[in-house]
Amino acid sequence: CPPVCVPGSVSQHSARFPCYYIIFHLFYIFYAAYVNSCQLVFKHRTSVSMNFFRGVITGQATGPQPTGAETIQKLCDRVASSTLLEDRRDAVRALKSLSKKYRMEVGTQAMDHLINILQTDRSDSEILGYALDTLYNIICNDEEEEQDESEDENAQKQTDDLGAQFTERFIQDPEHVTLLLTLLEEFDFHVRWPGVKLLTALLKNQGVQVQGIVLVSPMGVSRLMDLLADSREVIRNDGLLLLQQLTKGNAAIQKIVAFENAFERLLEIISDEGCSDGGIVVEDCLLLLLNLLKNNSSNQNFFKEGSYIQKMKPWFEVGDDNSGWSAQKVTNLHLMLQLVRVMVSPVNSPGATASCQKSMYQCGLLQQLCTILMATGVPADILTETINTVSEVIRGSQVNQDYFASVNAPSNPPRPAIVVLLMSMVNERQPFVLRCAVLYCFQCFLYRNQKGQGEIVSTLLPSTIDANSISAGQLLCGGLFSVDSLSNWCAAVALAHALQDNLTQKEQLLRVQLATSLGKPPVSLLQQCTNILSQGSKVQTRVGLLMLLCTWISNCPIAVTHFLHNQDNVPFLTAQISENLGEDERLVQGLCALLLGICIYYNDNSLENYTKEKLKQLIEKRIGKENFVEKLGFITKHELYSRAALKPQPVFPSPEQMLFDHEFTKLVKELEGVITKAVHKSSEEDKKEEEVKKTLEQHDNIVTQYKELIREQDAQIQELKEQVASMTTQTDQMQATISQQLSQIQQHKDQYNILKLKLGKDNQSQPSTQADGSQVNGLQTEELSQLREELEELRKQHTLLQTQVGDKDALIDSLKSAAQTCEGSGGGSDDTELLQELEALKSQVQSQLADINQLKTERQELLRRAEAGDADAAPSSGGTSDAIKELESRLAAQMSETERLKESQAGLEQQLASATSTVAILQTEKTKLQSELQESKKEQDDLLMLLADQDQKIHGLKQRLKDLGEPVEDEDDIDAREQTSDEEDEDED
């Protein structure tokens, strides 16, 4: 039989067997007609069945109708038993149409059949799409149809539980999730898109379990990352939603997604969609980036090292026309600002935060944020979030803080941005969240910024006040004494941050004088704060003033003295603490107790009426020690205290709950214990403690002196090391010079060998020369005598040179013995190297001496030959003129060669002399270094002995302090603190 040929095609068989081809063509036509008729019958039956099912669903058919469960059961039987793919496809299509209304029935009866379809019918994309859509409908909890108003939350909860149950049933076998991941590799839209939606629904319902299955699945995350590269936006956008659910709370998957080039792809999508002007896709990308970076230090470091921070700058290029701010743009920019804050969050490690802050300043991102901060027409929530973002970008970074201090607002006349922000903070008509953001920005500007603290305090001093301009100090004083309690609290906290850990500014602020009214003398700022406190204002105002006073006088004995100098302050505090007030006043009582305790702990006993002992006696008589400690404990027991201690940013649900500052909670935690101990101590224990402190201070001074001495010695040792290094370089240079000399000597040897060969040829022609020499006249005798005199001079020079070489040999031997003596007395590795170099120099000198001796021997041979020629020429009595000329030319050649050898000898003597002088200089420097090294070693040994004695004494004294109950810091803690400060200074540099 001929091979089967498709009608309309051309083959070799159609040409060879035309009859067969025609018969086959007719057969094919009949077969096609038969198939078409069968398909029409099947479609008719299918339409009848679908009409029947439609009647069941709509309830329009008459007579006994099957229930939904019965219909679904029949469809499931049809899916399981049908052998034709078309039957199974139609049944699955019918299940899909019923899956939303009969979700429970389809899920319980058809899930296994649908999973089997996914496993067996991989070749048909249409049935796979129907099966995936059906599974999505029964697992997804999102109700697309409108629900009646009568349905309550319980119905929604039951729906959620139903989705979770079906999800748990689906993932009982992890192979089902793996199968779904495999189906995502299909490029067909009808398979890939429902697969993405189904996996997203699984992750929403059982995220942790599905994440674990995807994590252990081979190439599971990589397959999902391919969705971002899909050219169809629907699949790409749903892929973003899938990755959002996949990366929630799983650091391992977050790292894998990040290293699958997710940052690059997401930033490209954001750029292509228009950055902040983009749509919902940009929002999805930003949410995914937040999932990848938040609380994940590895991904944050990868994001920074990949230079992705620089690519964030175009996001914040807001145009001059800020009138068109759509809701989507506000959402996108808000998420972008949050992404910047994630990189510089205070909860990150200090090193990583400082590195990101540096990158943001260098790439211009901070400048762009400040531009938005000072722009007009920006929505309030974007402005608030921008202020918070700028706050964390400059927090603790000296360079960024200095730049922020130089930013001016576009006003006439220009004003610093800090002043403009403070005007918003003390303005009670501004939104509460905006005022909190400005306060946070001011706190971050002053965090570890002594320069900024000095600038703020200087605006309050009399010598720097400018009446024609508004300064930050004037705004803070105005807010501190305004009628708005929230302004009082914000100004007090802001001023307290200007004094945080800065003793100099605490003392400078004591000079501030305020004019209360006409005709009355000015009062100090400290006194005015206590006056307002005693007038009984609102609780929020008094809490703010008490926090300011506690921060001001803590660790500042001069401020404590100024505070106690007012006779009304101590009675007021004792009266406040001793009273039995309500719940609202307990916090004020606790803060008063803290302020009085600071006056005891940091008291230098300069005022006789308010020494430590008298204050403690006053507490015992008026309040009672136990009652005092109980009132002091009210601070930490307050619920708002715990909330403020969590993070630096002041976030409060309402202005009334704005009572505590984060830095103040640290101060309370530090002082509560020591104040309690100070109140319970007796006068004798105080005296002992003071004596121990004085002794410790003396010992600390001694240790400091020794440390400085050791640092100086370290510097000297470093200088000596540098000198040794320079000597080593000089030695290398000498070795290079010697190698050059050796090459020159080799050249001289080669030239001498050439001369020797020439002399050998002259000796062969000697008999003929002697025969001709018998005719030499008196002129030849004179020339020979001159040659003899010159040879005598050469002999004398050789003798002198030999004596000089002997002297230098003796000098080298003496240097060698001195070097061996130094090595035996304990020289280091540097001495050994110098000795080796001396040996090398000596061997080179010896080789040069051997060359000179060889030249001497050769010259002696020349002299002997010349004398022999003279003896033979003496008895001769005549000769021809040609013989005389030849002899004269030979003598001239010998004389020129002798002169050249003399010049070579002189050059070698100079080189030898320079090498010898260099060796002597090195030996002198080596001896000097050895003596200095021995002296430094002796001094270090003495210092180590003294330090050991001092450490023993300090340890004993610290142990006595610990026995007395005083907190004592170890040297490791002090060194760690110093090292941290040094590292921060280096980062700032």
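**Helix H21 and its contact with H24**

Mentor: Val419, Leu422, Met423 and Met425 of H21 meet Ala472, Leu475 and Leu476 of H24, where contact means heavy atoms within 4.5 Å. By class, this contact of H21 with H24 has seven nonpolar, no polar and no charged residues; Ala, Val, Leu, Ile, Met, Phe, Trp, Tyr, Cys and Pro count as nonpolar, Asp, Glu, Lys and Arg as charged, and the others, Gly among them, as polar.

The model is predicted: local features need pLDDT of at least 70 and side-chain atom pairs count only at pLDDT 80 or more, while totals for chains, interfaces and linings use all residues. Residues are numbered from 1 along each chain as its sequence is written, and side-chain values use heavy atoms, with hydrogens and water left out.

H21 spans residues 417-425 and H24 residues 472-480; helices are DSSP runs (H or I, at least four residues), numbered from the N terminus. The two pack at an angle of about 10 degrees, their axes 9 Å apart. H21 is therefore roughly parallel to H24, a term for angles under 35 degrees. Axes are lines fitted to C-alpha atoms, for helices over the stretch in contact, and angles run from 0 to 180 degrees between N-to-C directions.

H21 is mostly covered, with seven of its nine residues buried, that is, under 20% relative accessible area with a 1.4 Å probe, protein chains only. The buried residues in H21 are Ala417, Ile418, Val419, Leu421, Leu422, Ser424 and Met425.

Methods. Buried < 20%, exposed > 50% of the residue type's maximum accessible area, 1.4 Å probe, protein only. Parallel < 35°, antiparallel > 145°, perpendicular 65-115°, else oblique.
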